[in-house]
Amino acid sequence: MKKKELIGGVLILTIVTALSGYLLAQVYKITKPAIEKQKKIEEEKINREIFPEGEEFAEKEENGVKYFSVLNSEGEEIGKIFTTLSLGYGGYIKIKVGVNKNGEIKGIKILQHNETPGLGAKITEDKFLSQFKGKTVEELYLKKDKSEGKIDAITGATISSRAVTDGVRKLLEKINKKR
Amino acid sequence: MKIDFKNFINGIWRENPIFYLMLGLCPLLAVSGSVRDSLGMGIAVIFVLTGSNLTISLIRKFVPSHVRIPVFIVVIATFVTIADYSLAALSPQIHRNLGVYLPLIVVNCIILGRAEAYASKNNVINSILDGLGVGIGFTIAIFIISVIRELLGNGTIMGYQIMGANYTPFLIMIMPPGAFLVIGFLIAIKQGIEKRGKKC
């Protein structure tokens, strides 16, 4: 390859890359506020599903753990919402857990998962999730794992059900220890 | 400048990227389980394909052949990133469902294929038409497949319950093998129609 050809190629590639970088920086600037707004709306929507009586959700951090402090209309804290990960059948399951003042579960939501469609993916259904309401640490086991357990596993998806249950319980244990 | 509509039609029917060229099957398998995600993916592909075809056709005379592949990839990656940001801003739900398959459009062989085979050799208007045609062809294909898969595998279309409450989902349809089955049947139907057309 001739020297001239080489330099020409390098030059063109540099120009194209620089232009593309500039363009992307502009697009990023334009879309960033919208993306952040969408994220907030969605976060708030899920928080409100867990704590319908909550008026305000304030982001806080304590000992390196981020959570939402749920305030009612009088400004009192009525609970907290945490996010936790648990290893399921097809990877990590991201769970949002609402805890009330007494340390009981207020409600949970699955944010992200990669479980088998039609089996493990049923962990996102209300039929499974509503079982967690009002449960305490001691009750957060699958019925088949421990006699105190109060959670029914989904048929054919024991691993996914156990992952969610254990994840929520471990989170509660961690929170209670810190109290 | 000669405008050639043949390519536009070709991309949709005869040389449909999915049913004839069999390119871009990876994102197809991954997202065609849901109609809504499929439409998001289809629109993203149309946008990226048309944009990259347009740009590459514009710069084709300045780009020496030995650096063309990196240049094409940079152009495609730029459009994919724009699509990625825009979709995140407009519809976070679809953006999250598409997940890694949206950035992966960069390596979707339909797009580099059209850039190399068509846009780098033809004028701007024809390249745009080619991009639109192939993109629409891809979208139609992914749409048909996702309608069949979501209906049989989940009993819904766009999330609305279509089959009765007693319907037992045909689970394999929602999983990747279901996509292969549906593609196979659709290709057979397309071939059948074409063969019949020739005989008459």
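A crossing of two helices is left-handed if the near helix is turned anticlockwise from the far one by less than a right angle, and right-handed if clockwise. The model is predicted: local features need pLDDT of at least 70, side-chain atom pairs count only at pLDDT 80 or more, and totals for chains, interfaces and linings use all residues. Residues are numbered from 1 along each chain as its sequence is written, with chains lettered from A and ligands numbered from 1 in the order in which they are written.

**Exercise 1.** Describe how α6(B) and α7(B) are arranged.

Step 1. Helix α6 (residues 109-119) and helix α7 (residues 124-154) of chain B have axes that come within 11 Å and cross at roughly 150°. Axes are lines fitted to C-alpha atoms, for helices over the stretch in contact, and angles run from 0 to 180 degrees between N-to-C directions.

Step 2. Angles over 145 degrees count as roughly antiparallel and those under 35 as roughly parallel, so α6(B) is roughly antiparallel to α7(B).

Step 3. The crossing of these helices, α6(B) and α7(B), is right-handed.

**Exercise 2.** Describe how α1(A) and α4(B) pack.

Step 1. Helix α1 (residues 3-50) of chain A and helix α4 (residues 68-90) of chain B have axes 8 Å apart, at an angle of about 10°.

Step 2. Therefore α1(A) and α4(B) are roughly parallel to each other.

**Exercise 3.** State the helices and strands of chain B and their order.

Step 1. Chain B has eight helices and two strands; helices (H or I, at least four residues) and strands (E, at least two) are DSSP runs, numbered from the N terminus.

Step 2. Along the sequence the pattern is α-α-α-α-α-α-α-β-β-α.

How values were computed
Angles under 35 degrees count as roughly parallel, over 145 as roughly antiparallel, 65 to 115 as roughly perpendicular and the rest as oblique.
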